Amino acid sequence: MRNPASDKPSATQPLAGVRVVEISSFVAAPLAGMTLAQLGAEVIRVDPIGGAADYHRWPLTDEGRSIYWTGLNKGKRSVAADLRSPAGQQLVSRLITSGGPTGGILLTNTAGRDWLDYDTLAGRRPDLIRLEILGRADGSTAVDYTVNAATGFPLVTGPPDHDEPINHVLPAWDLLCGMYAALAITAAVRHRDATGEGSRISLPLEDVALATAGNLGFLTEAALCGTRRPRLGNAIYGQYGQHFTRADGSAFMVVTLTPRHFRDLTELTGTRDAIETLAAALKADFADEGTRYHHRDVLTALFTPWFREHTADEITAALANTSILWERYRTFDEVVTEPRVTENSMFTLLRQPDIGTYLAPGAPVSVNGTHIPARPAPRLGEHTEAVLHERLGLSAASIAELRASAIVAFDVGVEPSQVGSECGDILGRPFRHGGFQ
């Protein structure tokens, strides 16, 4: 499971040699740890014996193994320890604060544990880098779903005639928080390399959402203009963008950001003359994006018949020959079998213990034409023995004693060949270039 690459940093592994201990659960912190691992860091995830709260989180294979957990922990090493016992806490504290100039980094979202607080650990290692993800800045708890409710987005999401809040499915704040966390740790490592100083970093999930709402103008618009953003359905605020659905249920998202995009849409749908007549009657300039937005409903009414009268294949072929920004709506099971996945070099065939063999994404960045490939997630406690020996210098006898005392645990799991889940293999199809034949 160790990254076979050298500890010497490279373009694709700039954090090689850096060691991070992660004590976390759910999305933001595990995503940050996985991102650091993709960049070359040795990330050791420490879990309580039996797994943290996210160890069995859905989606699951038919055997009850968490696809979610393995998805967010690829490329890490795993240690399982009794985090409630003084002996277990002492052991993990040593692991966090060891490691010479490239160790001493903790990534966590486990607030309220005195033995893991900055002052306690920095007392053992003054150049400690500790990043804690909080729910809110005041230390109170929050998760993506509650943060989302508190920041206004569910009340501007959904169709215009809908009165109830609508949550988005994507855990956007967790994802952004994970990226901020990985960036903050990388910056702290650079700072420590330059000055020898550690960093005490707090990252509240709610602040990530509030900063984003402010940066995108949602809060500023409300403060300066005193207006409330309306629900727009699938329209795009300030631009002309709309989905069109055929009678067979296939749907397309169409976006016109520029006058050229809009002209091509009128030509495609045979509505140029009607649009010119409408512009004259309204004294409107449809070359202006705001004008297109304000008159979006009448424009959509003019464009809709063309989409209803053509097949999905005809629409696809016609749109492909224009400058219009567009895409057909697809389900996840459609996406996973398409060339954008099966022939994408970001995806490689991964043999994941306890889950099966499937195409898994590595890092989405390509460095000098090379993607950083996915590496399997560990089994829970898979590296407990190796980490204690390699990183703390414990003897085999000492490790055996810790295991016998239930201070640490190892988990050998189930071999992929034993997994019979329909979720655990991709239909037995052969592959080419990391994809299906």
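**Close-up views of a predicted model**

**View 1. Arg45 and its partner in the neighbouring strand.** In strand E3, Ser78 is the bridge partner of Arg45. The model shown here and in the other views is predicted. Arg45 itself belongs to strand E2, which covers residues 42-48. E2 pairs with strand E3 (residues 77-81) in the parallel sense, and five bridges link the two.

**View 2. The surroundings of the Arg45 side chain.** The relative accessible area of Arg45 is 1%, which is under 20%, so the residue counts as buried. Two polar contacts of its side chain are shown. One joins the side chain of Arg45 to the side chain of Asp54, at 2.9 Å. The other joins the side chain of Arg45 to the side chain of Asn73, at 3.0 Å.

View 3. Seven strands make up an open sheet with mixed pairing, in the order E6-E5-E4-E1-E2-E3-E14. Its edges are strand E6 (199-204) and strand E14 (408-409), each of which pairs on one side only. Strands of a sheet pair through backbone hydrogen bonds, in either the parallel or the antiparallel sense. For E2 and E3, the sense is parallel.

**View 4. The second largest pocket.** This pocket has a volume of about 400 Å³. Its lining consists of 19 residues, and those nearest the pocket centre are Phe26, Asn109, Gly135, Ala142 and Val143. Strand E5 (129-134) and helix H5 (144-150) each contribute at least two residues to the lining. By residue class, the lining of the second largest pocket comprises ten nonpolar, six polar and three charged residues.

**View 5. The chain as the setting for the close-ups.** The chain contains 17 helices and 16 strands. Its C-alpha trace spans about 85 × 55 × 40 Å along the principal axes. Of the 437 residues in the chain, 47% are buried, and Arg45 is one of the buried residues. Among contacts in the chain between residues at least 6 apart in sequence, 69% join residues at least 24 apart.

Key. Residues numbered from 1 in each chain as written. Predicted model: local features only at pLDDT ≥ 70, side-chain atom pairs only at ≥ 80, totals over all residues. Heavy atoms only, no water. Helix = DSSP H or I, 4+ residues; strand = E, 2+ residues; numbered from the N terminus. Buried < 20%, exposed > 50% of the residue type's maximum accessible area, 1.4 Å probe, protein only. Polar contact = N/O pair within 3.5 Å; in protein donor to acceptor, adjacent residues only side chain to side chain. 1 Å grid on protein atoms, 1.4 Å probe; cavity = no way out; pocket = protein on both sides within 12 Å on 5 of 7 lines; lining within 4 Å. Points joined across faces, edges and corners; volume = space filled by probe spheres on them. Nonpolar A, V, L, I, M, F, W, Y, C, P; charged D, E, K, R; others polar. Pairing = 2+ DSSP bridges. Contact = heavy atoms within 4.5 Å.
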